[in-house]
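Subject: Structure handover

Hello,

Here is the structure for you to work with. My notes on what turned up follow below it.

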Amino acid sequence: MFDKLAQRLNLSAIPQIFFISVGIIVLFVGFAIPFNEPFARFFDMLGGFTFTNFGWFYVLSVSGLLLFLIWVASSRYGRIRLGPDGEGPEYDTLTWFCMLFAAGIGTILMFWGVAEPMSHFANPPLEGVEGGTKDAARLAMNISLYHYGLHTWTIFTLPALAIGYFTYRQGLPMRISSVFYSVLGDRIYGPLGWAIDIVALLGTLFGVAVSVGLGTLQLNTGMNYLFGLPKGQVAEMAIVAAITLVASVSVALGLDRGIKRLSEFNIVVALIILLFVAVAGPTLFIVSGTVQNIGAYLHNLPWLAFWTEAYNEGNWQRQWTVFYFAWTISWAPYVGIFIARISKGRTIRQFVAGALGAPLLFTIVWFSVFGMAAIDLDLNHGTDIAGQVQADVSVALFSFLEQFPIATLISTLAVIVIVVFLTTSADSAALVVDLLSRKDSQPSRTAQRVFWTLLLGLVAATLLLGGGLQALQNVITALGFPFCVLLVFMAYSLTRALHADYLGYSMEELAEGKAPAMGPMGSLPSDRKGRGDDE
């Protein structure tokens, strides 16, 4: 049935993945819009159930996967290349980082760069720390860097590494199901593989839709601040429509002409805003604080990484850590495939060091500049940014920038950056969803990429209509869990494949049981060569 319908519509797609995914999304939208109150209550219940029973699993999984990445990069597997031996990277390092940053975390930094530190500064999650104090400020910076540092990029880096390896090294299709070839073999081309790709596709759409939703709330607030435009659902729907339209044009242009140029432009503008705040703000305090934040982050990371709020019966981790990890996990398929797409030719060691290290340093600088400048304004200059953030988290950035010279100009640039970040996220997601829903042998069609972009915008609008920020948090907390489980199995599958590759066996031999799945690496068969030892 699906095959005939795909032929009749002249689709370039795997029918089972395409139609089941679209059907689930249409059912979601069809239920959520007319029944928005029951929808909000249902996902509030589902989000609460997921947090209560599996919040610990989110925390343990992400921290465990970070340790796994450090191990695999520092091991003898680290010299294995994401592609044929001897092949260099497709993009230079600077361009690679710009594209990685813009599609991965740009929207997040713009939204939470002020909002998160000030939220924890006002309401510290630890007992004995009083809000609005220097102790609260130190804790706020530690928690913010924990959320957006190595743990965020672990969630992105693992699927990107696995996808890049199985695609460029083993010649498998660039889909999430390919990562499980060492476990499932040719079954990735059947119902099991389709189910994995459907989970990844839905996670991508909903995860990026949450980003578009949060960005829309922030843009609505910013344009109300700057131009007096009205706030509310009508304005939010108009913003979502505009972002979707721009993203559709960009996705039609393709990766090199659309996303690459937008990414490079946005990095430049974001850096201009960053430097302006650093110079116009308390420069010495920011520089000194950045150095201290590095040490504090490394010192506090071990206990923060495994902190589950077990002795406190509160809702803080549901609203922050678990929500944020679930949100990041939900768009791990999209970011993973996108990063893999631009990372061909790098060794595993180069890839992990770059994908974890460079964004971490930039995140530390970004949060130190914006977070500490905002804290300084409240601590030493009598502003009440923390109070405004508590009232409306989307107002944080613009309330903060209002305290600086040429505030209107800088706020306008911030709006442009947010719009472009949202656009690059949406069009990158559409490219990835298109990859997930078709065979490598099928051409990528502009009409289908635009279709996925429009569907993403529809989901974002639905989530906003269904309860705003609270709905965004509840939906993602619940829907991110299945892919969190897949990430754990992904690490296992990748380890099996790397071990066989190191011993010189092919994936076919591994899938057929002719290669040792795991075991000691010191003694190799006489006809096998340890890959990486001499590369």
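This is a predicted model: local features need pLDDT of at least 70, side-chain atom pairs count only at pLDDT 80 or more; totals for chains, interfaces and linings use all residues.

S428 is buried, because its relative accessible area is 0% and the cut-off for buried is under 20%. S428 sits in helix α18, which covers residues 407-436. How far apart are S428 and I272 in sequence and in space? They are separated by 156 residues in sequence, and by 24 Å in space, C-alpha to C-alpha.

Next, T152. T152 belongs to helix α7. T152 is buried too, with a relative accessible area of 0%. A polar atom of the T152 side chain lies 2.7 Å from the backbone oxygen of H147. That distance is inside the 3.5 Å limit for a polar contact.

Two packed helices are described by the angle between their axes and the distance between the axes. Both values are below for each pair.

α7 and α14

Helix α7 covers residues 150-169, and helix α14 covers residues 332-341. They pack at an angle of about 50 degrees, and their axes are 7 Å apart. That angle makes α7 oblique to α14. The crossing of α7 past α14 is right-handed. Which residues make the contact? On α7 they are W153, I155, F156, P159, A160, I163, G164 and Y168. On α14 they are A332, V335, G336, I337, I339, A340 and R341. By class, the contact of α7 with α14 has 12 nonpolar residues, two polar and one charged.

α7 and α15

Helix α15 covers residues 348-381. The axes of α7 and α15 come within 10 Å and cross at roughly 155 degrees. The cut-off for roughly antiparallel is over 145 degrees, so α7 and α15 are roughly antiparallel to each other. Their crossing is right-handed. From α7, the contact uses L150, W153, T154, T157, A160 and L161. From α15, it uses I348, F351, V352, A355, L356, P359, L360 and T363. By class, the contact of α7 with α15 has 11 nonpolar residues, three polar and no charged ones.

Best regards

How values were computed:
Residues are numbered from 1 along each chain as its sequence is written. Side-chain values use heavy atoms; hydrogens and water are left out. Axes are lines fitted to C-alpha atoms, for helices over the stretch in contact, and angles run from 0 to 180 degrees between N-to-C directions. Helices (H or I, at least four residues) and strands (E, at least two) are DSSP runs, numbered from the N terminus. Angles under 35 degrees count as roughly parallel, over 145 as roughly antiparallel, 65 to 115 as roughly perpendicular and the rest as oblique. A crossing is left-handed if the near helix is turned anticlockwise from the far one by less than a right angle, and right-handed if clockwise. Contact means heavy atoms within 4.5 Å. Ala, Val, Leu, Ile, Met, Phe, Trp, Tyr, Cys and Pro count as nonpolar, Asp, Glu, Lys and Arg as charged, and the others, Gly among them, as polar. Buried means under 20% relative accessible area, exposed over 50%, partly exposed in between (1.4 Å probe, protein chains only). A polar contact is a pair of N or O atoms within 3.5 Å; within protein, one must be able to donate a hydrogen and the other to accept it, and residues adjacent in sequence count only if both atoms are side-chain atoms.
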